[in-house]
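Here is a short report on one protein model. Please look over the sequence and the structure first.

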Amino acid sequence: MTDHLVLFMPSGKRGRFEKGTTVLDAARKLGVYVESVCGGRATCGRCQIEVQEGHFAKHKISSSKESISGVGPNEARYLEKRSLPAGRRLSCAATIEGDLVVDVPQDAVVNAQVVRKDADDRQIARRPAVGLCYVEVEEPDMHKPLGDLDRVKAALQKDWGYERLEADYHLLPQAQKILREGQWAVTAAVHQDEDDETARIIALWPGLKNEAYGIACDIGSTTIAMHLVSLLSGRVAASAGTSNPQIRFGEDLMSRVSYVMMNPEGRDAMTKAVRLEISKLVQQVVDEAGCAREDVLDAVFVANPIMHHLFLGIDPTELGGAPFALAVSGAVKLRADDLRLKLNPGARTYLLPCIAGHVGADAAAVTLSEGPHRQDEMMLIVDVGTNAEIVLGNRSRVVAASSPTGPAFEGAEISGGQRAAPGAIERVRIDRDTLEPRYRVIGADIWSDEPGFLEAIGPTGVTGICGSGIIEVIAEMYLSGIISEDGVIDGALAAKSRRIVGDGRTFSYVLVESEPRLTITQNDVRAIQLAKSALYAGTKLLMEKQGAETVDSIRFAGAFGSFIDPTYAMVLGLIPDCELEKVSAVGNAAGTGARMALLNRDHRREIEETVRRIEKIETALEPKFQEHFVYAMALPNKVDPFPKLAA
Ligand code: FES
């Protein structure tokens, strides 16, 4: 028999196979993940591949369409009922006839359901913890008194290679009915945990079941965001978000901890509130995708430590003060039932590990998404909220800390501050000579000095200023000479501009003159100085721990980072000096990390191992933190230079 070289892309795995071997068999032998529900019977359509044509010098392969068999009877039968996208073949039916380069697409969508793309476009290699396996089971035989479910296990062992297999208890009363309904053909959902050699049958359907979903959910203190993801194609089928209902118990994290401390029923009330809201979101996403709760077999959650504990029903009081002891820091694996979540009765849940008492599973998810531990460059990740979570590292070492920035960056503690919402000023420019401002408001795609601005902002007018606007106005005030390096508003400029007005013993800058007037006060400048100093001092501390004088790239995670202009962040000294093109906003990276853990159990292992070796720095215990904090009060910094900004 002739051997042929087969190269699988994008993994780059390759091997030699006998002519006539199916591409699916070759993939399995090389450990290349190709989805399959029907076990190679050419009925599920999940095993699609593409043949890449051309010469591949690096691997000395010349691949062409003739390197693979023509459409055989099984594939033809499939094509009678369904179509394949141009260039696609079923790998379980196509055989190797010559040297071959095979692309394994990550998007084999076989059901004509609407696919949403609210999540980022990242293609995540799939190796989910829950897989669907179609099997044809031997009918009962008086001479072989093996139980029905035991014969399902035997078929799964034979066709799918599971060595140790158990079935969930809830299936025992149903298995016989399902088998007979499927006329001895069933699809089993099998859950495989990396740390457990025994796989478990968690759901069973009669006949071929060709779609299954998982949920990736980021429980933030302000908002909860959820994606419904196909476990078979990796596509996001629906997304939804809502406010965290715990806000009514306390605006920020610490006030929610206080609520628990003051109210004996507080923990229970907040746990119920967040679970109920998550349940509503599940209904929303399954309705949008046109599926049912029972189709959801796995769910991954990420959250900051206090949200994590409240979701799990754990009293977060210990997280309210030093030493910020977590009840559990490792990954949490539970049945959805344990959390009273109504999904498939056998559905599993996975919570990513927490890094430390105030650097949570959400920061772990961001780390998984951005991957400082997978590269040589020194990457800084900043997630700004009431606390800034900071991760700095590369392949050899990763350190993390939380810094008490307070809520100023979110618009709180600022006289005209508000959350980012229509009506809030988000961009500001100040004329260097006249000190006259121009600004833009969320919801109006126009600057304030352009014709039609008033019509564009509508009857509500300007309602306040959000985080990105505050950063820009203060940076522009500094660049215009309105505030000094120490952050003092220069009252002498009142003689030059009506925008500078006395305000008790200090001065303010009038950003919006019309009613309601919006001024930037000396206290506002101070609040931002304090917040940015805390962020910078935390970063500087981590850089010292790393022995790094500079960082190679900066990623802003979360909503705040999506709106701020990196130039202004650097003018104020929020972040250390860095090439501006290497500073980027990565949006809901925590949600992306959750999807990665949902779709590939290798990523679960990866983040568990990474979190174990992340060094946690407690800023409050580091004497140098205060020193860095004091220097960072100046704009951009008393001692640290910003050469790339100057360039
Ligand atoms: Fe199901 Fe190929 S494995 S169609």
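Helices (H or I, at least four residues) and strands (E, at least two) are DSSP runs, numbered from the N terminus.

This is a predicted model: local features need pLDDT of at least 70, side-chain atom pairs count only at pLDDT 80 or more, and totals for chains, interfaces and linings use all residues. Residues are numbered from 1 along each chain as its sequence is written.

**Helix 3**

Leu149, Arg151, Val152, Lys153, Ala155 and Leu156 of helix 3 are buried. Buried means that 20 or more other C-beta atoms, placed from the backbone, lie within 10 Å of the residue's own. Strand 8 (130-136) and helix 4 (175-181) are among the elements that cover these residues. After helix 3 comes Gly161, with a positive phi near 75°.

**Strand 7**

Strand 7 (residues 100-103) pairs with strand 1 and with strand 3. Pairing takes at least two DSSP bridges between two strands.

| Strand 1 (residues 3-9) | parallel | four | Phe8 |

**Domains**

The chain is divided into domain 1 (3-103), domain 2 (112-351), domain 3 (362-407 + 527-646) and domain 4 (416-520). These bounds come from an automatic or database domain assignment. The C-alpha centres of domain 2 and domain 4 are 47 Å apart.

Note on methods
A residue is buried if 20 or more other C-beta atoms lie within 10 Å of its own, exposed if 12 or fewer, and partly exposed in between; C-beta atoms are placed from the backbone. Two residues are in contact if their C-beta atoms, placed from the backbone, lie within 7 Å.
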